[in-house]
Structures are given as structure tokens and as C-alpha cells.
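Please keep the sequence and the 3D view open while reading.

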Amino acid sequence: MSAAGIGSSRSTYAILGCGSVGHAVAESLVEDGEDVLLLDWDESRVEALRDQDLNARVQDISDPEVAEVVSDRDIVLVLASDVEVNKAAVSAIRNRGGDQYLVVRASDPISEDELHELGADVVINPSTVIADSALRSLETGELEYKARQLAEIFTQSDGRMAILIQDTPDPDAIASATALRAIAEAYDVEADIVYDGEIGHQENRAFVNLLGIELLSREEAGPIDDYDTVALVDYASAERDAAGAPEFPAVDVYLDHVEPEEELDARFADVRTNVSSTSTVLTKYLQEFNLSPSETVATALLYGIRAETLDFKRDTTPADLTAAAYLHPFANHDTLEQVESPSMSPETLDVLAEAIQNRQVQGSHLFSSAGFIRDREALTQAAQHLLNLEGITTTAVLGIADERIYLAARSKDIRINIGRVLEDAFSEMGEAAGHSTQGNVEIPLGIFQGIESSGENRDTLLQLTEEAVRRRLFDAMGVEGTGEGGNGS
């Protein structure tokens, strides 16, 4: 077949109503080399369009014969300011059987609905478009303003910065702090990332080790007073709220995607609850500062977003996706694969095996015990692995270590907030924290006074603990029939 016989694969356009909006659209399409026909009732306006070498003709677009005029066009934009005229044009085209793609201008929500009913494919309400544009401009302007404030803090810093992250930090916290340190270094400010607790989860340890991210424990960092500038990043975590009596005199920078339960006094604060990760927030700042992320920073931030959104399956926003798309070409995806598939330690394997063996299933809820353990972080990994069992939506795994009872829970049931469930069930007995999909509990073993956790009493203590914790948990969840249940086999 000859090329001439194939014809053009490009769409053809018609614009009905060539006021300021129609004229602007026509100019843009023509600049792109598109075939555009313009129709308008005003002869002088049509003449002016022709003077600009535009293909225009006089036509009353409310007249039914307009359907014949545009019958050979693929896409028709009906953009007159008079919505009644637009309705007539849409009706004429659809009544003739025209299957063109129709983009139509409305005047309010009511006319939007009416035009959809008449057969419009896309309806544009100018007031909505202007409002959306204003909000986007506001967001851009706010970020620019915030970036100037943050830059001022860096320029005023005379010494080192301490970037404090949550206890037992997760990937989002570590990645966000790594990005903030990169921004600080661009202003010649040296920064240390400081954490309390331990980096327990195997994926988190692999994450830090493979990327070579340098972190300091509180003991290694020394007194926070020695730092000139203090920043809190992703600090309002499931483990500890940012306003929870911090052990430092002043906060200069606070960045998070979760509001602290109590007001935090900081020289600069940016809390964006409309995104799902602090890594998303820091990605926006890198872009605003016009800093291309290093491979390490990009890989860390991308993993932080993915971990916080469960690979974009939980509470993901357009901003999270946009940030991830920006980071994607800068990141090392081989490293990401290694981080997400770390080798399992013998201790974790033992805990998982014990939890699988001892599981008790009530409906879609699973409770299990790993007995006396050495690594409490292994409980969270066991709870996550057990969540993959068929028919299971919520898991909780118990373990005893260092004279304390630990419970790790995970849930993918949108009807419950597992963090709130744990608080309701155990806050009077010990410490409970979490959010909608995960949570942890820590209870002093002293509630079982009179029973020693050694020798022949260990089995009795474990049995009493399992029964008491399981009943409280299932009662708080409203699960009926909290008897022995089955093991789901």
C-alpha cells in the first residue's frame, strides 16, 4: 500500500465559538500544526481570524446544520460563553448521530450535568479551572516562600546541625533526614542525623548499610546543646509524638507529614498532611532548591515513599506519585531490590516459625505467640509475613523479652484502625502506639506478679500472658467467640 493511501493519522479539530477562550485554544493547536476549523456567528470576528491565516467561517453554532459542518472533524470543542448555545450545538451533533469527541464549556455545576446528559465527553467549568489553577499557584508560591525561610536558617547557622529522627527510625525518617542533610550541605552546613533506640528491622538495616547512610545514636552524638541548629524530621511517628517532652532546648526546623498532638514551637515548620510521606515533602524541597538528588539521596527518598505507602497501595496521593516519578531516573534500582529482599536472620526465622506454629485464627484475625525472644523487631516482621496468609486481614504477634511483653500488629482491614485498637486495649497497662495499618505494644511483665519468668514457671507465665493479651485484643476489636479458635490450617 502506498503512503498516499494510508492517509493522515492526526486528529482534526473544530472550535465552535471563538471568543477569547476559543481563540487561545485555536492558536495553541495551530502552533502545533493541527488542522483546525473555527466557527463563529460574528462576521467581524471571523474576518479577523482569517486575517491571522486561520481557517474560520461564519456559522450560527446553535443552528442544527452545524452538525453537518463539523461531520468530518474528529474532535469538536464547543467553547461559546453562552451555555444555552453550547447545549444546542451538542444536541445537534448527537441527534445527527455524530460520534466526535466533544469538549464543551459550562457555566456552573448544573449546566455541567446537563451537558453530560446531552452527550458531552468532557465538560469544562471555567470557574473550576480558575480555582484549580489558583490553588496550584498557591501551592507553588507557598513552597517557594517556605524554601526561602528554610534557606535563611541555613545561612544563619554558624555551626553543625543535628537532624533528629524518630526512635527506631523507619525508611521515611532516614530518607527525609538524608535529603535535608544534602540541602544543608549545599549551604555549607554540616549535619548529623541522630536517632534514639535502634535500627532493628532487617530491611531498615539493609537500607542504611547498602546506601552507606551515616547515622549517629544519641550517645555517639553527644549533647544536643552542642549543635548550633536542631531539626526534627518525620519525628511524630507511631512510636513517639514529636511534642512528647523532647530533650533539647529549642527546635529550629520541623518537617513532617503528620501533625504533632500538641503544638511544637519551632522557628520553621512545614507539616504537610495532604501527602503520605515526609520523603515526598523533602523531594519537593530538593526541586524547589534546584538540587538534583545524588543516587544515594534519590534511592533513599524513593524507598521512603514506597515503604510509607506500601508500594503505593496505602493512602497514596498524586504528590507522592509525582515525587516518585521525579526520583525514579536518579535512583539505583538494583540497590532498591537488595533492600527489599534482605536475608532473614536465624532469630527472625525462628520467631516466624514459632508464630506460624502457634497461630490462632478468629475469622480474618490472627493472633500468635513467639514465646520468649531475643530480638523484638522480629515480631514486626512475623506480623507482616503472617498478613500474607489467605483470608487474613489483621495479625498480632506476641513475645516476651527483658521482663516486658511486646505485641506487634499489622492490618489491611480498612474498617479498623489497628493503632487505635491497641491504644484502647492496652494503654492502661503499658505503652501502645500506631496508626491505621500498624501498631506496637509494650507492657511491663510485672502485671503478672508472683510468677517468675524462669525455670518451670516460664510455660505458665507465657500461657497466662497469651490468654490475657489475646482476650483484650479481640475484645477491643469486637471479635466474637474469643475462644481457642483454629490455627487456620
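This is a predicted model: local features need pLDDT of at least 70, side-chain atom pairs count only at pLDDT 80 or more; totals for chains, interfaces and linings use all residues.

Strand S7, which spans residues 161–164, pairs with strand S8 in the parallel sense, and four bridges link the two.

**Strand S8 and its neighbours**

- Between S7 and S8 the chain passes through helix H8, residues 171–186, and this β-α-β crossover is right-handed.
- Leu164 has Val194 in S8 as its bridge partner, and Val194 also has a bridge partner in S9, namely Leu216.
- S8 and strand S9, residues 216–217, run parallel and are joined by two bridges.

**How S8 is enclosed**

- In a regular strand, side chains alternate between the two faces of the sheet.
- Both faces of S8 are covered, with Ala191, Ile193 and Tyr195 buried on one side, and Asp192 and Val194 buried on the other.
- Because five of the five residues of S8, residues 191–195, are buried, the strand is largely enclosed by the rest of the structure.

**The second largest pocket**

- The second largest pocket has a volume of about 230 Å³, and of the 19 residues that line this pocket, Gly17, Asp40, Trp41, Ala80 and Ser81 are the closest to its centre.
- Helix H2 (20–31) and strand S2 (35–40) each supply at least two residues of this lining, and H2 gives the most, with three residues.
- Sorted by class, the lining of the second largest pocket holds eight nonpolar, six polar and five charged residues.

Conventions: Residues are numbered from 1 along each chain as its sequence is written. Side-chain values use heavy atoms; hydrogens and water are left out. On a 1 Å grid over the protein atoms alone, a cavity is a set of points where a 1.4 Å probe fits but cannot get out, and a pocket is an open set with protein on both sides within 12 Å along at least five of seven lines; lining residues have an atom within 4 Å of a point. Grid points are joined across faces, edges and corners, and a volume is the space filled by probe spheres set on the points. Ala, Val, Leu, Ile, Met, Phe, Trp, Tyr, Cys and Pro count as nonpolar, Asp, Glu, Lys and Arg as charged, and the others, Gly among them, as polar. Buried means under 20% relative accessible area, exposed over 50%, partly exposed in between (1.4 Å probe, protein chains only). Two strands pair if DSSP finds at least two bridges between them. A crossover is right-handed if, with the strands pointing away from the viewer, the path from the first strand over the helix to the second runs clockwise.
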